[in-house]
Amino acid sequence: MTNTVDLWVNYKKVLDDVFPEFKFDSRWCEWHGRDDLTLTADIFTAPHFIKSRRVDIYNEKSDIYNNVIYPKTGSNLPCFGMDLMGFFEQKVIIVFDFQHPVEKFVFSVDGLPKAERDYRFFEMGNHFSENIFVRYCKFDEVDQYLPEFREYLETYRKMVDEAQPTGEDLGFYQDFDIYMKKLDPILGYMTGNFGKDKADRMMDEFFFSYADEKK
């Protein structure tokens with residue numbers, strides 16, 4: 001099945017433009033679920049990064065793209081996460097942010113907008129930054145936020161270029177994955193559309209694979 005909505009194509013182009021070094025490593029799965037939904041889960045790798053784990057879930061009416069970029073360790077850098085969720089034409093949620101793996105680490109970047117209120121599932125000051133970007137819109141409005149998306153990614157690019165991390169201490173991400181696994185509402189969505197066994201496996205082995213990592 002082709003992705004007839006292809007809602008996030010320009011966001012992916014910006015990501016590739018700012019981080020051209022990411023290369024496809026492996027496909028973790030390709031599943032087909034209810035309502036002709038297709039799910040693909042892929043791993044990308046690059047120098048100074050442990051991985052970029054990317055998920056596309058789509059059919060003719062919806063398009064969801066989730067990506068968390070994990071930098072190599074030793075420099076206390078945040079991850080960069082993006083939840084780009086087009087559930088149907090009138091319901092789109094755009095989220096991207098610097099997600100710091102250290103619990104209760106208040107991360108903020110001067111010059112970027114700060115969130116003006118708390119959001120459900122996104123707790124500022126605990127793995128989410130003060131700059132978390134959240135917008136609600138419709139299908140034909142998503143590209144309005146491309147400039148901000150590029151600005152955040154280019155800011156992240158500078159962080160990584162300055163730090164050039166090389167460590168591979170996967171235990172550094174244990175608390176982060178445990179927290180996100182408890183918080184993320186994706187389990188119910190996955191279970192309803194792809195079944196409990198697949199949903200549990202993806203939560204444990206793909207989305208939050210470092211939750212059981214030995215420190």
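How many disulfides does the structure hold? It holds zero disulfides, a disulfide being a pair of cysteine sulfur atoms within 2.5 Å. Cys79 is buried, with a relative accessible area of 0%, and Cys137 is buried too, at 6%; buried here means under 20% relative accessible area, exposed means over 50%, and partly exposed lies in between, computed with a 1.4 Å probe on protein chains only.

The model is predicted, so that local features need pLDDT of at least 70 and side-chain atom pairs count only at pLDDT 80 or more, whereas totals for chains, interfaces and linings use all residues. Residues are numbered from 1 along each chain as its sequence is written, and side-chain values use heavy atoms, with hydrogens and water left out.

## The chain as a whole

The secondary structure comes to five helices and seven strands, and from the N terminus on the elements run α-β-β-β-β-β-β-β-α-α-α-α. The radius of gyration is 16 Å, close to the 17 Å that the globule rule gives for 215 residues, so the chain is as compact as a globular protein of that length; the radius is taken over C-alpha atoms, and the rule is 2.2 Å times the number of residues to the power 0.38. Helices (H or I, at least four residues) and strands (E, at least two) are DSSP runs, numbered from the N terminus. Taken along the principal axes, the C-alpha atoms fill a box of roughly 45 × 40 × 35 Å. Of the 215 residues, 52% count as buried. Among contacts between residues at least 6 apart in sequence, 59% join residues at least 24 apart, where contact means heavy atoms within 4.5 Å.

## The sheet

Seven strands make an open sheet in the order S1-S2-S3-S4-S5-S6-S7, with antiparallel pairing. Strand S1 (23-32) and strand S7 (133-137) stand at the edges, and each has a single partner strand, so one side of each is left without a neighbour in the sheet. Neighbouring strands are turned by 10° against each other on average, direction ignored. Helix H5 (residues 196-207) packs on this sheet, touching S1, S2, S3 and strand S4 (63-71), and its direction makes about 170° with that of S1; axes are lines fitted to C-alpha atoms, for helices over the stretch in contact, and angles run from 0 to 180 degrees between N-to-C directions.

| Strand pair | Bridges |
|---|---|
| S2 (residues 38-46) and S3 (residues 49-58) | eight bridges |
| S3 and S4 | nine bridges |
| S4 and S5 | seven bridges |
| S5 and S6 | nine bridges |

Individual partners can be named along these pairs. The bridge partner of Phe44 in S3 is Ser52, Lys51 stands opposite Tyr70 in S4, and Tyr65 stands opposite Leu84 in S5, while the partner of Leu84 in S6 is Ile94.

A hairpin through four residues joins S3 to S4, and S5 and S6 form a hairpin with two residues between them.

Strand S3 is mostly covered, with ten of its ten residues buried. In S5, eight of the ten residues are buried, so that strand is largely enclosed by the rest of the structure.

Arg53 has its place in strand S3 and is buried, with a relative accessible area of 3%. Leaving aside neighbours within four places in sequence, Arg53 is in contact with Asp42, Ile43, Asn66, Asn67, Val68, Tyr70, Phe206, Phe207 and Phe208. Arg53 and Asp6 are 47 residues apart in sequence and 19 Å apart in space, C-alpha to C-alpha.

## Helix H1

Which residues of helix H1 (residues 9-18) are buried? They are Tyr11, Val14, Leu15 and Val18. Seen down the axis of H1, these buried residues fall within an arc of 100°, so they line one face of the helix, the arc being that of the directions from the helix axis to the C-beta atoms. An α-helix has 3.6 residues a turn, so residues three or four places apart point the same way. What covers the buried residues of H1 includes S3, S4, strand S5 (79-88), strand S6 (91-99) and helix H2 (146-163).

Definitions and conventions: Two strands pair if DSSP finds at least two bridges between them.
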